[in-house]
Amino acid sequence: MTELRPIKKVIRSRATIEGAGVHLHRAIGLGDPYEYDPFLLLDDFRSDNPEDYLKGFPWHPHRGIETITYVLKGTVEHGDSTGTSGVIGPGDIQWMTAGSGIFHQEMPKGDKEGSMYGFQLWANLPSGHKMMDPRYRGLTSDQIPKVKRADGVLIKVIAGECDGIRGPIRDVVISPEYLDIFIPAGINFSLATTKGHTVFAYVIGGSAVFCDQSNPYSYDIEGANYFDMNCGKAIGNGNLILFGDGDHITVSTEGSSVRFLLISGAPLHESIAWYGPIVMNTREELETAYKELRKGTFIKNKKK
């Protein structure tokens, strides 16, 4: 018997400033760090104003996590302490494992209209992999397979599997699924999910009814919590839906199409010690990381 995932919470992403002055919206990362285990942060840096993003994210450290950057418009120039550098453009993915420690920079550049659209996700590493060697994987848009269904549904499979098609990111410890899904208007859509995994959707265009249900869910906007009795209403752009456990989700569109990111992963169920760009398991490990930053011994794998 199948079990539909209920909606636990709907979050409206909130404006914040990061890096050297980048204006963005944060959907995950302002509340309980265990709530989205194994994911820690999701930032939406879509803007049509170059003043919002051109200052970028100059050189800074990371340890204990993976960062996943997905670009829809514009480009992001990147470089890191392993000697890797390059540019990711529309439809491209950068999946960076910080592991034992890395310095990197990410500098967004808009397209000719001045638009820069992208998202960055942070995935936690389990304790046994916190100090693994850093690594980098860059994927261009043409390397990401697509599922095209007869009803017009289009699914880009970045990680995980959909309709027998596997994404190119396959060696990540938390077994993530990362899908970019477009559903035309007038469609009832169902997708299997792995029971026991954390699953959420982030709407990036249009609106839809997710997992239509009779039970109310929590709605959080600008820090205020509400108990939403109006279930079955469409959820639109800039909202994140956190699902409860189950083996599938449903999405229904009426007068509008919808596009959303669907992301899932196996929870780690480990302690989190997090400050700034470094995420460890204990306070002692966190203090060690910052002592090494001050002493200049943070990077364990020197550039060859």
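**Note on aromatic pairs**

1. Trp-274 has a relative accessible area of 27%. Buried requires a value under 20% and exposed a value over 50%, so Trp-274 counts as partly exposed. This value, like the others in this note, is computed from a predicted model.

2. The structure contains 9 aromatic pairs. One of them joins Trp-274 to Trp-122: the ring centres are 6.0 Å apart.

3. Where in the chain do Trp-122 and Trp-274 lie? Trp-122 is in strand β11 (residues 117–124) and Trp-274 is in strand β26 (residues 273–275). The two are 152 residues apart, and the pair thus links distant parts of the chain.

4. Is Trp-122 buried or exposed? Trp-122 has a relative accessible area of 9%; because this is under 20%, the residue is buried.

5. A second pair is formed by Phe-210 and Phe-260, with ring centres 5.2 Å apart. Their planes are at 80°, over the 60 degrees required, so this pair is edge-to-face.

6. Phe-210 belongs to strand β19 (residues 198–210), while Phe-260 belongs to strand β25 (residues 258–265). The pair therefore ties together parts that are 50 residues apart in sequence.

7. Phe-210 is buried, at a relative accessible area of 2%. Phe-260 is buried as well, with a value of 0%.

8. A further point concerns a cluster. Tyr-36, Phe-39 and Phe-200 together make up one aromatic cluster.

Methods. Residues numbered from 1 in each chain as written. Predicted model: local features only at pLDDT ≥ 70, side-chain atom pairs only at ≥ 80, totals over all residues. Heavy atoms only, no water. Phe/Tyr/Trp six-rings, centres within 6.5 Å; stacked < 30°, edge-to-face > 60°. Helix = DSSP H or I, 4+ residues; strand = E, 2+ residues; numbered from the N terminus. Buried < 20%, exposed > 50% of the residue type's maximum accessible area, 1.4 Å probe, protein only.
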